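Q: I have a model open and want to learn how to read its features one by one. Where should I start?

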Amino acid sequence: MRLVERHIIQKNHRFYPEIDQPCFLSKNLYNYANYLVRQSWIFEKTNNSYYDLQKTLSTQSDYQAMPAKVSQQILMILDRNTEEFFSSERSL
């Protein structure tokens, strides 16, 4: 069993602005990278790896606005999700 703790931070909470901005940036980076992966798959039938995405997105503003560790972890999560998606597609 995994025990977790849940913290609900509403808009009137004092930490909301501090948390909202990084969440917004990470969402934008993940969605944009996911868009690039989908477009390359649809039109070129190629799968972008983590390294390709990192090289492509390293100059993007959302990538640079966050610490490098965070941006890289977001791209690693997307790469893992993409690999799982394609492996499930092959097994069908």
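Q: Which residues of helix α2 are buried?
A: Buried means under 20% relative accessible area, exposed over 50%, and partly exposed in between, with a 1.4 Å probe and protein chains only. Helices (H or I, at least four residues) and strands (E, at least two) are DSSP runs, numbered from the N terminus. In helix α2, which spans residues 50–57, the buried residues are Y50, L53 and L57.

Q: What should I know about the model itself before going on?
A: This is a predicted model, in which local features need pLDDT of at least 70 and side-chain atom pairs count only at pLDDT 80 or more, while totals for chains, interfaces and linings use all residues. Residues are numbered from 1 along each chain as its sequence is written, and side-chain values use heavy atoms, with hydrogens and water left out.

Q: Which residues are exposed on the other side of α2?
A: Y51, K55 and T56 are exposed there. For Y51 the relative accessible area is 62%, so Y51 is exposed. Between Y51 and Q72 there are 9.7 Å in space, C-alpha to C-alpha, and the two are 21 residues apart in sequence. D52, also found in helix α2, is partly exposed, because its relative accessible area is 39%.

Q: What covers the buried residues of α2?
A: Contact means heavy atoms within 4.5 Å. The cover includes α1 (16–44), α3 (61–65) and α4 (68–91).

Q: How many residues are in the largest nonpolar core, and which have the most contacts inside it?
A: In soluble globular proteins, nonpolar side chains tend to be buried together. A nonpolar core is a set of buried Ala, Val, Leu, Ile, Met, Phe, Trp, Tyr and Cys residues joined through side-chain atoms within 4.5 Å. The largest one here has 13 residues, and those with the most contacts inside it are L29, A33, L53, L57 and L75. Two or more residues of this core are given by each of α1, α2 and α4. The largest share, five residues, comes from α1.

Q: Where is N48 found, and what does N48 touch?
A: N48 is found in the loop between α1 and α2. With a relative accessible area of 19%, N48 is buried. Not counting residues up to four places away in sequence, N48 touches L36, V37, S40, L53 and D79. N48 and V37 are eleven residues apart in sequence, and 5.8 Å separate them in space, C-alpha to C-alpha.

Q: What about K45: is it buried or exposed?
A: K45 is found in the loop between α1 and α2, and is exposed, with a relative accessible area of 59%. Phi of K45 is near 60 degrees, a positive value in a residue other than glycine.

Q: Is T82 buried or exposed?
A: T82, found in helix α4, counts as buried, because its relative accessibility is 8%. Not counting residues up to four places away in sequence, T82 touches V37 and N47.

Q: Which residues form a nonpolar patch on the surface?
A: Patches are made of residues with over 30% relative accessible area and no salt bridge; like charges are joined within 9 Å, and nonpolar side chains (Val, Leu, Ile, Met, Phe, Trp, Tyr) within 5 Å. A salt bridge is a side-chain nitrogen of Lys or Arg within 4 Å of a carboxyl oxygen of Asp or Glu. Accessible areas come from the Shrake-Rupley method with a 1.4 Å probe; for residues, only the protein chains shown count as cover. I9, F15 and I19 form such a patch, with about 220 Å² of accessible area together. F15 has its place in the segment before α1 and, at 34% relative accessibility, counts as partly exposed.
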